[in-house]
Amino acid sequence: MDMKQKLEALHEEARKKIMESGNLDKLNEVRVAYLGKKGELTAILKSMKDVAPEDRPKVGQLVNETRSRIEGLLENHKKALADAKREAQLKAEVIDVTLPAKKARIGHRHPNTIALEEVERIFVGMGYEVVEGPEVEYQDYNFTKLNIPEDHPARDEQDTFFINKEICLRSQTSPVQARTMEQGKLPIRMIAPGRVFRSDEVDATHSPSFHQIEGLVIDKNITFADLKGTLEEFAKELFGPETKTKFRPHHFPFTEPSAEVDVSCFKCGGKGCRFCKGSGWIEILGCGMVHPNVLRMCGIDPEEYTGFAFGVGLERIALLKYEIDDMRLLYENDIRFLNQF
Ligand SMILES: [Zn+2]
């Protein structure tokens, strides 16, 4: 077989293989097999030394022609493969304009937010102002002005996150009350909702970060009767008109006298059930008459003005109202949980 026939046969063989290649990878294999460094055509070029010198230019030209013909075939088939692929894609991705559009999923309010808005609504209805303050707070406001002495256990590092000697993450929203009193605009009727921080381990009822809503009223002739009436009204609005309240004596450094408030169980009406652990009562908040020391430290004359304060955990309200048994659920952002509210 002379060189011309040999090249002709090679070309025909390559053409068949190219046409049989169903994808770009296969096509590339064919390219390598014929035109690559160790390919068939290259092998022929290497065998040129066996060709008589006078024939070499002619044979060389034939080899080059064959090469460019094979390259042309490869290029054409590559284009054909790409066209076929696009065609198939277009067929597969037909848009059916009659299908209903996907609904945009709009988020909705977190149970904490719903509970907060409910509490705010109740107090705003009673003429209270909603005031916010910094989450990073001077110790002076977080403790000292609230009559919490230097050696009080609440100042312990085990309870409070300290930034430095003077600054901490507020462990309660009470500093907002101190800041409001200092402004000296009396009377005061305010609630201060917000995030607070304590170095608690996470469990079903504790979290290092949670929310409080504190309330403060300062005016002339404010008595414990005003405090009781206000919180009774609050409990009835929040848990239903049948709700009863019970005040148990307690101690807080910033109020005197102080009390913890229980509400009658809104599940069993006070008879006792699993929800209230059989007692018929559920503890919801702490309160008291503002300590004269606190008034004095915030520039208010305790002889002229009196007041009351209370603090309630927002999560506690949300857990009670929606009968959630684990506080961690409120922070996990599990859509299956949140969708229920
Ligand atoms: Zn009960």
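A disulfide is defined here as a pair of cysteine sulfur atoms within 2.5 Å. By this criterion, the structure holds 0 disulfides. Cys298 takes part in no disulfide, and the nearest cysteine sulfur, that of Cys168, is 16 Å away. The structure is a predicted model, in which local features need pLDDT of at least 70 and side-chain atom pairs count only at pLDDT 80 or more, whereas totals for chains, interfaces and linings use all residues. Residues are numbered from 1 along each chain as its sequence is written, and side-chain values use heavy atoms, with hydrogens and water left out.

Burial was assigned from relative accessible area (buried, under 20%; exposed, over 50%; partly exposed, in between; 1.4 Å probe, protein chains only). Cys298 is buried, since its relative accessible area is 3%. Cys268 likewise counts as buried, at 13% relative accessibility.

Helices (H or I, at least four residues) and strands (E, at least two) are DSSP runs, numbered from the N terminus. Two packed helices are described by the angle between their axes and the distance between the axes. The axes are lines fitted to C-alpha atoms, for helices over the stretch in contact, and angles run from 0 to 180 degrees between N-to-C directions. For helix α1 (residues 3-20) and helix α2 (residues 24-35), the axes come within 9 Å and cross at roughly 165°. The two helices α1 and α2 are therefore roughly antiparallel to each other, a term applied to angles over 145 degrees. Leu10, Glu13, Ala14, Lys17 and Ile18 of α1 meet Leu27, Val30 and Tyr34 of α2 in this contact, where contact means heavy atoms within 4.5 Å.

Gln212 lies in strand β5 (residues 209-219) and counts as buried at 12% relative accessibility. The side chain of Gln212 reaches the backbone nitrogen of Thr173 at 3.0 Å. Leaving aside neighbours within four places in sequence, the residues in contact with Gln212 include Gln172, Thr173, Ala192, Pro193 and Gly194. Val312 and Leu314 are also among the contacts of Gln212.

Leu314 is, in turn, one of the buried residues of α10. Helix α10 (residues 314-321) is mostly covered, with 6 of its 8 residues buried; besides Leu314, these are Glu315, Ile317, Ala318, Leu319 and Leu320. The cover over the buried residues of α10 includes β5, together with α5 (111-125), α8 (224-239), β8 (281-290) and β9 (306-313). Just after α10, Glu323 takes a positive phi of about 50°.

Conventions: A polar contact is a pair of N or O atoms within 3.5 Å; within protein, one must be able to donate a hydrogen and the other to accept it, and residues adjacent in sequence count only if both atoms are side-chain atoms. Angles under 35 degrees count as roughly parallel, over 145 as roughly antiparallel, 65 to 115 as roughly perpendicular and the rest as oblique.
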